[in-house]
Amino acid sequence: MASSTLGAQAPTRSCDIAVIGGGLLGSAFGWGLARRGQVCQVFDEGDTAVRTARGNFGLVWVQGKGLGMGRYARWSLQASRLWRGFADELEAATGLDLAYSRGGLRFAHSEQDLQATVNNLKQIQSDMVEEAYQFETLEHSALKKRLPLVGDIAGATFCEHDGHCNPLMLLRALHQDMQRLGATYRPNTKVERIEPLAGGGYRLLDGQGERLCEAEKLVIAAGHGSRALAEQSGIELPIHADQGQVIVTEKVASAFSYTSDIIRQTDNGSFLLGASSRDVGMDTRTDLSTLGQIARECVQVFPFLRQLRMQRAWGAVRVMTPDGFPVYQHSKSYPGVFSFACHSGVTLAACHALEAAQWVIDGAIPSDFDDFHPKRFHVQASI
Amino acid sequence: MIHKVDIAIIGAGPAGMSLAQSLVSGDEKTRPPSVAVIDEQKDGGGQVYRAALRQAPDLASVLGQEYQSARPWLQEASQNPDIQFYFRTSAWNIEPREDGVELALVSAGRNWRLRAKRLVLASGAMERPTPFSGWQTPGVMTMGAAQTLMKDAGLVPDQPLVLLGSGPLLYLFAKQLLQSGVSIQAVLHTGPRGLRAAAWAAFWAALPGNFSPLGKGLLWRMQLALARVPQVFNVAEVVAQPDPQDTAGGLGALRYRVGGHWHTLQTGLVLVHDGVVPNTHLAAACGCSLTWDQQQACWRPELDETGRSSQSQIWALGDGARIMGSEAARWQGVAMAPALLESLGYQPSAANLARCQEAQRRLAPLQRLRRFLDAQFPPAGAFSEISDDTQVCRCEAISAGEIRRIAGLGCSGVNQARSFTRVGMGPCMGRQCGASVAKVLAGAQGKPQSALGYFTVRLPLKPVTVGDLCALEADAPASG
């Protein structure tokens, strides 16, 4: 294994590309770049950093994404198509099991709910034109046939491109394999300043003004920690915190082989119940009223969940943009500095690692992805 | 309906009981604050005086004079009509609020909520984990658990056994076992025969005011020697081996190393102990800052001189705040009352202030005694150098070797280790393995253990069902 450098003792070193952020976004880039032969360093904060990657629900999700932005719908679909190969490559290299499997349901509690979902999906289909994916609408009786344990709900939409994985193993696999490929992982090292160098490239410094490294190019992928760094590089990053809470139950025999946006059974048997959304800033604590709502909603779908012991619950903070779509940007004033932000770190990991890493090497985001530029918010504001 | 009180105390051991009693026995002219005491057991006393209120006389005499002497004051506090007691009750969630805290509780299967302006954590100590190769083998048990069985059910082992480890409890429990007629095959001490060089100064400093506890310790040692129990000192490494003839995989032998030599001892039962550490699970769950105690090698809540944590509405005392022993815990309860009352706008009575002063005076020699015990019984090396095949997390069966592998990936602390390996994700929620994981990571990365942090505590603190979550509203059961 390549030597890993721990903590702030690591010497100042130059590299091709520095990635700021060691979560799912940063690690996907770090791995993707190392895999393409780039000498890169990945900077990460400490053990208790607000870490969206560790609070993840683990969905590789397509259904319903990109309503109002066909580019995002197509990007999510591409991610789903790349995911199997992406997982296979990581599993072969690391020996870890990412537990990726496919087939996802979005449950609808009422008829109106089901109708609204179907309308949204049809709208997305028409936006995606020839690349559109298919989905199935399951009324209650059809759903009950497929899932005998389902409760008294109106139905669901099913999409074969949706899936789930073990997001913790995904993060570990990316960390493990990017280091095998020669990337340097630098935990407990918070980058605070970016300075352009006279002859091109950038220097990174920590809060004490200590030099951390010099790099030709930078990828800012530090989630909520990205904002201040992006500003220094002339990049606008309109993101806010969106809190989600998740309940984990005890391990039980397999009872739900698909996945869904609010309930999934993990490969080790626990059920994850989730999908709350609260605007409470950077607060990762759980609260009983939110957990009660999640429990009631999920028990309506599967009444047997009521019997299960709750093992634990957690809160995590999503990186949310004003319209929920990704924000990708290449700095005009600091060429070679890229910033990526999105809330679908697991789904898009395949795209970031296998596609977007090449953009950084090439030095430009393809014009086909202009929709992801934050200038879209100015257009809306001026209307 | 949500039940409301001024002060909620979690833990009805010596600290919680004496605090509750002091809070309500002030000046008779003013109405006392409403005080609720919550505990998982069926009556007061905590682990140390477990079942003292209902103990059979012959067993009580085995358990000792100090155990028996707690009975009158525990009784008096238990019968105080101004204290609301909720026994057989677990707090499974604590939400700090601006004006206090809200607890989610479960009493005999019933869920209810309690709001308090102040929460006092008197959650006591837990045994320091003693990881060694094979410690998950049936037949390896902690001394604390064995002593609980003795106090609760009068059960003593009916087979010859081995004691392993160090600490005052080892000597006390050996005495209690001998008195109960149990055959002790051997005592394997992880420490030296006499006083450690580092403990002599603390011993002389502790002597004034502590003749009685130090004399008792000496007596227990002599009793052990007189009973001609074989004793081995400076045990540096231990391996538990299952009995090849036993289909259930029970313990067959202990292998242990003294200096460069390995020895084998055939036995079916070994009781292990390496001292106690504060149970900080609740404090961490409340978001109280913890601080690393270098002297006792453990985490404890960061408190000001009155016992207030970094969350101003949450206070802590007793062994859950710092290991000081049961007598100190009792005096700490008396000492805390005036400041806690004042924080709620009560004028502490002259009687309360006088008792507080007396408590402070009583605590001074106990602090000197503790410095001696800390110096004489540091955490044992036999449980510190954790071999690769030792299971550090028994819930998820994660070995120290696995933790060392991820340490090489630059794992920045115990929480990253948890997400990478599932260590600490099992039913004990990392209470048992947190310190061991940090120790292994620290060793592999050449850092101090305190730099690796402690597990973020997740809800629920006690098992509840998804159905319980669905229906949270419920009335408080009648106290008592």
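In which loop of chain B is the place of B:Arg88? The first legend below answers this for the predicted model.

**View 1. B:Arg88, a residue other than glycine with positive phi.** B:Arg88 sits in the loop that runs between strand 3 (83-86) and strand 4 (89-97) of chain B. Its phi angle is near 50 degrees. The residue counts as exposed because its relative accessibility is 53%, and the cut-off for exposed is over 50%.

**View 2. B:Ala397, with phi near 55 degrees.** This value is positive, and B:Ala397 is a residue other than glycine. B:Ala397 belongs to the loop between strand 20 (391-393) and strand 21 (398-399) of chain B. With a relative accessibility of 48%, B:Ala397 counts as partly exposed.

**View 3. The cis peptide bond from B:Leu459 to B:Pro460.** Omega of this bond is near -5 degrees. B:Pro460 is part of the loop that links helix 13 (434-445) and strand 22 (464-465) of chain B.

**View 4. The domains of chain B.** Domain 1 is made of two segments, 3-126 and 277-348. Domain 2 covers 144-265, and domain 3 covers 382-447. Taken over C-alpha atoms, the centres of domain 1 and domain 3 of chain B are 31 Å apart.

**View 5. Strand 2 of chain A, covered on both faces.** In a regular strand the side chains alternate between the two faces of the sheet. In strand 2 (residues 40-43) of chain A, A:Cys40 and A:Val42 lie on one side, with A:Gln41 and A:Phe43 on the other. All of these residues are buried. Strand 2 runs parallel to strand 7 (residues 184-186) of chain A, and 3 bridges join the two. Within this pairing, A:Gln41 is placed opposite A:Thr184 of strand 7.

View 6. Strand 13 (residues 251-258) of chain B is joined to strand 14 by 6 bridges. One of the residue pairs is B:Arg255 with B:Thr264, the latter in strand 14 of chain B.

**View 7. A nonpolar surface patch on chain B.** B:Leu218, B:Leu219 and B:Met222 make up the patch, which has an area of about 300 Å². Of these residues, B:Leu219 is located in helix 7 (residues 211-226) of chain B. B:Leu219 counts as partly exposed, since its relative accessibility is 43%.

**View 8. A:Asn120 in helix 3 of chain A.** Helix 3 spans residues 111-128. A:Asn120 is partly exposed, its relative accessible area being 34%. A distance of 38 Å separates the C-alpha atom of A:Asn120 from that of A:Gly336, and the two residues are 216 residues apart along the chain.

Key. Residues numbered from 1 in each chain as written. Chains lettered and ligands numbered in written order. Predicted model: local features only at pLDDT ≥ 70, side-chain atom pairs only at ≥ 80, totals over all residues. Heavy atoms only, no water. Helix = DSSP H or I, 4+ residues; strand = E, 2+ residues; numbered from the N terminus. Buried < 20%, exposed > 50% of the residue type's maximum accessible area, 1.4 Å probe, protein only. Domains from an automatic or database assignment. Pairing = 2+ DSSP bridges. Patch = residues over 30% accessible without salt bridge, like charges linked within 9 Å, V, L, I, M, F, W, Y side chains within 5 Å. Areas by Shrake-Rupley, 256 points an atom, 1.4 Å probe, with all protein chains shown as cover. Salt bridge = Lys/Arg side-chain N within 4 Å of Asp/Glu carboxyl O.
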